[in-house]
Amino acid sequence: MWGDVFTSPTPDQVLEAIKAVDSGAGVLLIIKNYTGDVMNFEMAAELAEAEGIKVDKVIVNDDVAVEDSTFTTGRRGIAGTMFVHKVAGATAESGASLQEVKDAAEHVVNNVRSMGVALSAGTVPAAGKPSFTLAEDEMEIGIGIHGEPGIERTSLRTANEITEILVNKILSDLDYKNSEVAVIVNGLGATPKMELYIVYRHLHKLLFDKGIQIREKWVGEYMTSLEMAGFSISLLKLDDKIKAALQEKTEINTF
């Protein structure tokens with residue numbers, strides 16, 4: 001959807017998008033939990049319903065780092081949202097009703113957790129300068145996808161140590177014991193894919209040692225923050241329905 005970088009689209013813009021994709025069966029809005037996004041998308045839904053379009057929504061809040069930040073009520077939505085899109089899309093493609101698509105999306109929201117780290121900031125074009133500053137030997141744990149503050153600014157660690165910090169926080173928030181999972185190791189914009197695979201290698205070992213089996217993996221840039229250096233990890237607990245939806249073919253390269 002068009003608009004300024006890191007600025008929520010207006011209700012009118014969202015309404016036009018709803019009208020463009022409506023096929024008569026209804027439209028599901030998948031909203032990452034940021035206050036401006038939630039407000040504007042809900043206003044757009046009301047406008048669409050006034051025009052006779054059936055609309056429903058799910059709010060994604062997979063980020064375990066921060067609760068009730070300056071930008072959100074509750075947790076933020078980050079790269080785990082990609083799983084929500086894929087499962088909702090596959091469910092819709094199967095001919096399911098709007099309610100069934102919403103239920104499938106909410107099931108993913110309830111079973112996905114994410115957390116990220118930044119080594120440098122992105123530069124919003126309108127501002128012309130980095131959204132925050134880190135020293136060369138610093139990193140920020142729990143960063144948001146728009147550069148929102150994390151939970152700790154600390155000295156730079158190794159890739160393995162950073163991976164352990166993120167994974168331990170995620171696993172402490174949801175019981176993944178003896179589960180099968182899908183994972184996303186998501187580059188934030190300026191992290192080479194080779195380095196993301198270094199993260200994935202240690203992630204695989206950490207989960208294997210805890211009896212958690214990776215069934216599906218995606219390593220690359222799926223939800224970026226301009227040229228921010230860093231990455232996030234998302235873990236989705238699988239069941240048969242989610243696995244089947246993730247394996248559905250699409251016409252895009254990513255999923």
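Predicted model: local features only at pLDDT ≥ 70, side-chain atom pairs only at ≥ 80, totals over all residues.
Residues are numbered from 1 along each chain as its sequence is written, and side-chain values use heavy atoms, with hydrogens and water left out.

**View 1. Helix α2 and its surroundings.** Helix α2 spans residues 35-50; helices (H or I, at least four residues) and strands (E, at least two) are DSSP runs, numbered from the N terminus. Its 16 residues reach 23 Å from the first C-alpha to the last, close to the 22 Å expected at 1.5 Å a residue, where the expected span is 1.5 Å times one less than the number of residues. Asp37, Val38, Asn40, Phe41, Ala44, Ala45 and Ala48 of α2 are buried, that is, under 20% relative accessible area (1.4 Å probe, protein chains only). The cover over these buried residues includes α1 (11-21), β1 (27-32) and β2 (55-60). Just after α2, Gly52 adopts a positive phi of about 90°.

**View 2. Packing of α1 against α2.** The two helices, α1 and α2, pack at an angle of about 55° with their axes 8 Å apart; axes are lines fitted to C-alpha atoms, for helices over the stretch in contact, and angles run from 0 to 180 degrees between N-to-C directions. That angle makes α1 oblique to α2, a class left after under 35 degrees (roughly parallel), over 145 (roughly antiparallel) and 65 to 115 (roughly perpendicular). Pro11, Asp12, Val14, Leu15 and Ile18 of α1 meet Asn40, Phe41, Met43, Ala44, Ala45, Leu47 and Ala48 of α2, contact meaning heavy atoms within 4.5 Å.

**View 3. Ile143 in its loop.** Ile143 lies in the loop between β4 (138-141) and β5 (152-155). Because its relative accessibility is 3%, Ile143 counts as buried. Ile143 and Ala65 are 78 residues apart in sequence and 7.8 Å apart in space, C-alpha to C-alpha. Beyond its neighbours within four places in sequence, Ile143 contacts Asp63, Arg76, Gly116, Val117, Ala118, Phe132, Glu148, Gly150, Leu188 and Met228.

**View 4. Crossing of α5 and α6.** The axes of helix α5 (residues 159-171) and helix α6 (residues 193-209) come within 9 Å and cross at roughly 50°. The helices α5 and α6 are therefore oblique to each other. Their contact joins Ala159, Asn160, Thr163, Glu164, Val167 and Leu171 of α5 to Ile198, Val199, His202, Leu203, Leu206 and Leu207 of α6.

Terms used: Buried < 20%, exposed > 50% of the residue type's maximum accessible area, 1.4 Å probe, protein only.
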